[in-house]
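Reader: I'm new to this one. Could you walk me through it in plain words?

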Amino acid sequence: MIKSTAATAPLTQRDAAILAAIVLASIAIYLPSLRNGWVFDDWQEFVQNNQIHNWSFVWNSFIHDVWWFRDPDKLPQSAYYRPLENAWFAANALIFGMRPVAWHLAKIVLHAVVVILCFRVAQLLTGEIATALLTAAIFAVMPAHVEAVVWASSIPEPLSTAFELGALLFLIGRKPGWSRGLIAALILYACATLTHESAILFPLIVAAYAFLIERRRAGESIRLAAPFIAIAIAYLCARLYALGAEDFFGAPYSQTLAALGWAGLAPPHGALEIVLTAPVVLLEYLGVLTVPGIAGPAHDVNWTTGVAPITLISVGVLAGLAALASAAAWRSSHRNLYIFCAAWSLLTLAPSMKLNALNALVQDRLLYAPSFGWSLAVAIAAVQLAAVGPRARTAVAGATAVVLAAYAISAMRIERYWHDNLTFYTRCVAIDPHNVDYLRLLVQLLNEKTDFTGATDALRRAVQLDPDNPYLHTRLANEYALMQRPIDFQAEMRKTRALWGKPRMPATGAAARAAPSP
């Protein structure tokens with residue numbers, strides 16, 4: 001365990017001022033989101049949820065899935081067991097009512113708390129205040145976090161991350177034996193599992209910390225992780241009780257589009273397709289972490305059903321980057337810290353890589369917890385480079401300032417896409433034009449607003465991208481019927497009947513995907 005002076009001594013006024021500036025920046029860049037309203041699942045989860053004001057809402061969330069209130073007589077309603085998610089919603093409804101500005105402010109405050117936790121955990125892990133401050137700064141302004149911070153429904157990811165970082169913080173500072181620090185870590189870990197299923201592998205992070213950072217033997221590391229494993233088992237038992245065996249491991253995405261007449265029945269995606277698609281997803285996630293501008297409410301990433309060039313390219317790029325990073329880390333005096341950072345990021349992301357249980361292959365909010373490991377690794381590398389000499393320090397400082405500024409600007413630019421449903425769906429369709437569910441939601445909303453011209457234009461663009469799709473032609477024909485344009489209606493119906501007579505491959509990839517749900 002690291003017991004350096006930097007890890008235990010109080011912050012100097014200068015360091016405290018820098019940390020305060022970072023926290024304020026993490027708040028300031030998200031203040032524009034206070035103008036945002038309710039988006040997507042917000043409406044069903046709490047705005048239109050008549051159960052949310054009853055105490056039974058919270059209690060039932062501990063014994064049923066998170067969407068149980070949609071139809072209590074037909075359970076489970078989903079494959080998500082996250083009782084503390086609904087507890088957060090109930091607490092917000094009790095304290096703030098249904099004023100979106102207060103809900104958004106609570107999320108921003110939570111993000112600021114996580115930034116402080118990032119600083120303290122990084123400080124204890126590295127024993128270096130400069131590294132800890134840079135870790136917090138990178139984490140604070142990363143565009144990958146926008147969805148998790150500005151979308152009210154997306155509370156599981158930041159809340160579970162706060163619990164996991166808090167658990168690691170108490171674990172690092174514990175005393176020998178069953179100390180208060182260890183008990184606090186166990187309680188916080190239990191809360192993390194009840195918030196988001198990605199916390200299930202945290203016991204492996206505990207073992208990795210003990211082995212890599214505290215330099216314990218493998219057996220000792222496993223014994224330290226044993227109480228956390230016990231909590232994970234208890235969580236799995238509660239999950240099994242709430243969801244049943246069929247949905248225990250996460251149900252495949254629903255066939256809502258087929259039921260609503262927007263697409264054909266899609267074949268289930270098996271293990272081979274997951275293996276072929278995973279490299280593409282991981283490369284996209286890496287881009288979201290590193291490149292300003294890639295983060296957003298949607299991503300045009302499709303299922304790969306065969307050995308395609310995109311899979312080979314993704315595997316090659318990932319393998320090359322992994323080899324370079326491994327070679328650099330192996331020669332570094334901080335080798336164990338780098339390995340721990342990789343373990344944290346991969347283990348917090350791994351549960352979300354069961355891609356056939358997701359409604360969208362890439363979801364930025366799933367990077368909230370993994371990004372701590374990434375931020376810490378980048379900060380360690382930057383501080384090491386800066387220590388080479390004055391010129392290197394100047395170059396690293398300049399590059400860091402540019403990257404942080406670009407991150408902050410990118411985050412502020414994209415958070416407006418969660419302003420309302422129309423803005424959200426329009427942007428999602430623009431980014432991922434082949435996603436039929438985003439198109440369905442946009443057309444439905446435009447029709448509700450009696451903007452039939454806008455709905456027709458959206459369907460026309462979709463037909464241009466997929467001219468042999470009879471479902472889209474049928475929807476366009478229905479739109480013409482709403483607009484009382486009989487000639488166009490008849491023309492589209494003739495195209496539809498002709499297309500039904502042609503053989504068509506089953507819907508896969510983007511056309512078969514549904515939009516994300518937390």
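Reader: How many aromatic pairs does a search of the whole structure find?

Author: This is a predicted model, where local features need pLDDT of at least 70, side-chain atom pairs count only at pLDDT 80 or more, and totals for chains, interfaces and linings use all residues. Residues are numbered from 1 along each chain as its sequence is written, and side-chain values use heavy atoms, with hydrogens and water left out. Rings of Phe, Tyr and Trp (its six-membered ring) pair if their centres lie within 6.5 Å; planes under 30 degrees apart are stacked, over 60 edge-to-face, and the rest tilted. Searching the whole structure that way gives 23 aromatic pairs.

Reader: What kind of pair do Trp68 and Phe69 make?

Author: Their ring centres are 6.3 Å apart. The planes sit at 85 degrees, so the pair is edge-to-face.

Reader: Are Trp68 and Phe69 buried or exposed?

Author: Buried means under 20% relative accessible area, exposed over 50%, and partly exposed in between (1.4 Å probe, protein chains only). Trp68 comes in at 4% and Phe69 at 10%. So Trp68 is buried, and Phe69 is also buried.

Reader: Where is the charged end of Arg335?

Author: A charge sits over a ring if NZ of Lys or CZ of Arg is within 6 Å of the ring centre and within 35 degrees of the ring normal. For Arg335, the charged end is 4.2 Å from the centre of a ring, and that ring belongs to Trp330.

Reader: Leaving aside neighbours within four places in sequence, which residues is Ala329 in contact with?

Author: Ala329 lies in helix 15 (residues 309-330) and is buried, with a relative accessible area of 13%. Contact means heavy atoms within 4.5 Å. With those sequence neighbours set aside, the contacts of Ala329 are Arg335 and Tyr338.

Reader: How many residues of helix 6 are buried?

Author: Helix 6 (residues 100-126) reaches 39 Å from its first C-alpha to its last, close to the 39 Å expected; the expected span is 1.5 Å times one less than the number of residues. Just after helix 6, Gly127 takes a positive phi of about 75 degrees. Helix 6 is largely enclosed by the rest of the structure, because the buried count out of its 27 residues is 20.

Reader: Which helices do the buried residues of helix 11 pack against?

Author: Helix 11 (residues 202-212) is mostly covered, with nine of its 11 residues buried. Among them are Phe202, Val206 and Tyr209. Their packing partners are helix 6, helix 9 (156-172), helix 10 (180-193), helix 12 (218-243) and helix 16 (335-349).

Reader: What kind of peptide bond joins Leu75 and Pro76?

Author: Most peptide bonds are trans. Pro76 is found in the loop between helix 4 (55-63) and helix 5 (83-96). Omega for the Leu75 to Pro76 bond is about -5 degrees, and the bond is cis.

Technical notes. Helix = DSSP H or I, 4+ residues; strand = E, 2+ residues; numbered from the N terminus.
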